[in-house]
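Please have the sequence and the structure open as I speak.

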Amino acid sequence: MLQSTSLAQRDHAVLWHPYTQMQTAPLPIPIVRGEGSWLIAEDGTRYLDAISSWWVNLHGHSHPAIAARVSEQLRTLEHVLFAGFTHPAAVELAEQLLALLPTNQARVFYSDNGSTAVEVALKMVLQYFHNQGQPARRTFLCFQNSYHGDTFGAMAVSARGAFTEPFWPLLFDVEFLDVPVPGREAETLTQLDALLLRPDVAGFIFEPLVLGTAGMVMYEPEVLSEMLRRCHQAGVLCISDEVMTGFGRTGPLFASELLTEQPDIMCFSKGLTGGTLAMGLTTCAAPIYEAFLSHDKMRALFHGHSYTANPVACAAALASLELTRAEECTRQRQRIEATHAAFRQEIEGQPGVRAVRHRGTILAVEYDPGEGTSYFSRLRDAFYQLALDHHVVLRPLGNVVYLLPPYCTTNEELALLYTVLRRMRELVLDFIPAPNLPEILHD
């Protein structure tokens with residue numbers, strides 16, 4: 001008689017998981033259902049999703065309004081090619097988004113995830129200058145420790161580190177700027193001014209106000225606005241990667257709302273569909289779009305995906321956007337922001353805590369294990385397990401632990417998350433380095 005095999009064991013026999021050393025990783029936790037901020041495992045254990053399942057979920061799992069809109073769309077039109085054809089959901093979503101974005105944003109180009117949204121933006125910039133007769137302008141400026149995705153162009157404008165080392169010879173060269181964290185703004189502006197003297201600079205790509213994978217490193221809108229102003233004076237195009245910060249994470253609907261100088265191109269994904277379906281899009285200002293208009297077909301933007309502007313994904317995005325724009329969602333975000341601020345006051349400056357960073361619904365605690373901050377801190381696995389022991393899903397960035405919960409997360413659920421962060425501080429104080437522990441790649 002054959003023994004039954006668990007879902008986790010079946011997974012282990014056939015799947016390859018992201019950011020995971022499959023030789024040493026434990027079996028994955030099999031999730032079979034989601035409700036609000038909770039994930040329910042095969043054995044019935046409930047886990048509080050403190051990071052919105054990689055920053056994508058806005059309104060809670062299995063939200064009935066989004067599910068209903070998706071179901072309706074599936075019964076109407078599941079997909080149509082987007083070259084030479086269109087459909088109502090794609091047009092309506094573009095219209096609604098452009099009405100909310102900075103007034104200079106004029107066109108929407110659909111793709112299917114954050115990396116491809118960035119790839120589209122990079123290609124727009126390079127071909128813009130090519131079409132303008134300036135093909136030598138091909139250098140991008142980026143922040144140190146930034147992350148823009150895992151496709152080749154996105155990797156090229158991201159930090160050179162463990163994630164990208166095998167591919168360094170294949171990545172195009174970029175120029176890195178220090179992040180203008182409070183107190184270091186003048187240094188970054190000096191670096192920028194020197195680079196803008198070069199005639200080959202084409203674009204500046206940035207994560208606005210919060211560098212996610214860098215450890216939720218934060219900086220202020222005033223200095224970013226000044227950077228964009230100087231770039232524009234030099235004729236350099238600016239790309240705002242709002243894949244993570246978009247749709248309310250930093251307080252307003254978009255981090256760029258806090259800027260006095262607006263980007264030329266914007267990238268979106270993750271929360272775009274409320275965490276329901278894979279989708280990305282890139283918006284741009286009118287002059288960029290117009291540089292591709294010609295009787296010469298070779299000046300067109302030759303980029304596309306099989307599922308570009310998928311109607312079902314567009315329907316999910318429309319439903320999520322309606323929820324995000326509702327007063328109830330605004331109140332939820334404000335409540336989470338205020339609760340985070342109160343906890344920050346409690347834990348900031350305590351032994352074992354190096355820094356606390358907070359903006360909008362994002363809270364990050366950088367613990368001090370008596371060594372440098374690193375993705376590969378030996379504390380990471382202990383933090384991860386401690387959270388699971390409390391039925392909480394977290395993905396520590398080494399010794400940096402962040403909360404980025406769905407907006408429906410209640411104060412009681414937030415209290416559980418803060419309890420876990422307090423326990424992590426206690427763990428740090430008791431921490432004894434173990435030099436022979438294996439390093440496991442993680443996000």
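Predicted model: local features only at pLDDT ≥ 70, side-chain atom pairs only at ≥ 80, totals over all residues.

**Pairs, pocket and backbone**

Let me begin with arginine 331, which is partly exposed at a relative accessible area of 45%, where buried means under 20% relative accessible area, exposed means over 50%, and partly exposed lies in between, with a 1.4 Å probe and protein chains only. Residues are numbered from 1 along each chain as its sequence is written, and side-chain values use heavy atoms, with hydrogens and water left out.

Arginine 331 meets glutamate 327 in a salt bridge at 3.7 Å, N to O, a salt bridge being a side-chain nitrogen of Lys or Arg within 4 Å of a carboxyl oxygen of Asp or Glu. Because the two residues are four apart in helix 11 (residues 327-347), glutamate 327 and arginine 331 are separated by about one helical turn; helices here are DSSP runs of H or I with at least four residues, strands are runs of E with at least two, and both are numbered from the N terminus. Glutamate 327 is exposed, with a relative accessible area of 60%.

How many salt bridges does the count come to by this rule? The count is 18. One of them joins glutamate 187 to arginine 184, with the closest N and O atoms 2.8 Å apart, and here glutamate 187 is partly exposed at 37%, as is arginine 184 at 40%. Another pairs the side chains of arginine 378 and glutamate 371 at 3.2 Å, N to O; arginine 378 is partly exposed at 26%, and glutamate 371 is partly exposed at 24%. There is also a network of salt bridges that links Asp193, Glu226, Arg229 and Arg230.

Turning now to the largest pocket, its volume is about 1,200 Å³. A pocket, on a 1 Å grid over the protein atoms alone, is an open set of points where a 1.4 Å probe fits, with protein on both sides within 12 Å along at least five of seven lines, and lining residues have an atom within 4 Å of a point; the volume is the space filled by probe spheres set on the points, which are joined across faces, edges and corners. The lining has 34 residues, and those nearest the centre are His17, Pro28, Ile29, Tyr384 and Arg395. Which helix gives the most to this lining? Helix 12 does, with five residues.

I will close with some individual residues. Serine 52, in helix 2, has a positive phi of about 55° although it is not a glycine, and serine 52 is buried at 0% relative accessibility. Phenylalanine 247 likewise has a positive phi, of about 65°, without being a glycine; phenylalanine 247 sits in the loop between strand 10 (237-241) and strand 11 (265-268), and is buried at 3%. Finally, histidine 61 is found in the loop between helix 2 and helix 3 (64-74) and is buried at 14%, and the C-alpha atoms of histidine 61 and cysteine 408, which are 347 residues apart along the chain, are separated by 9.7 Å.
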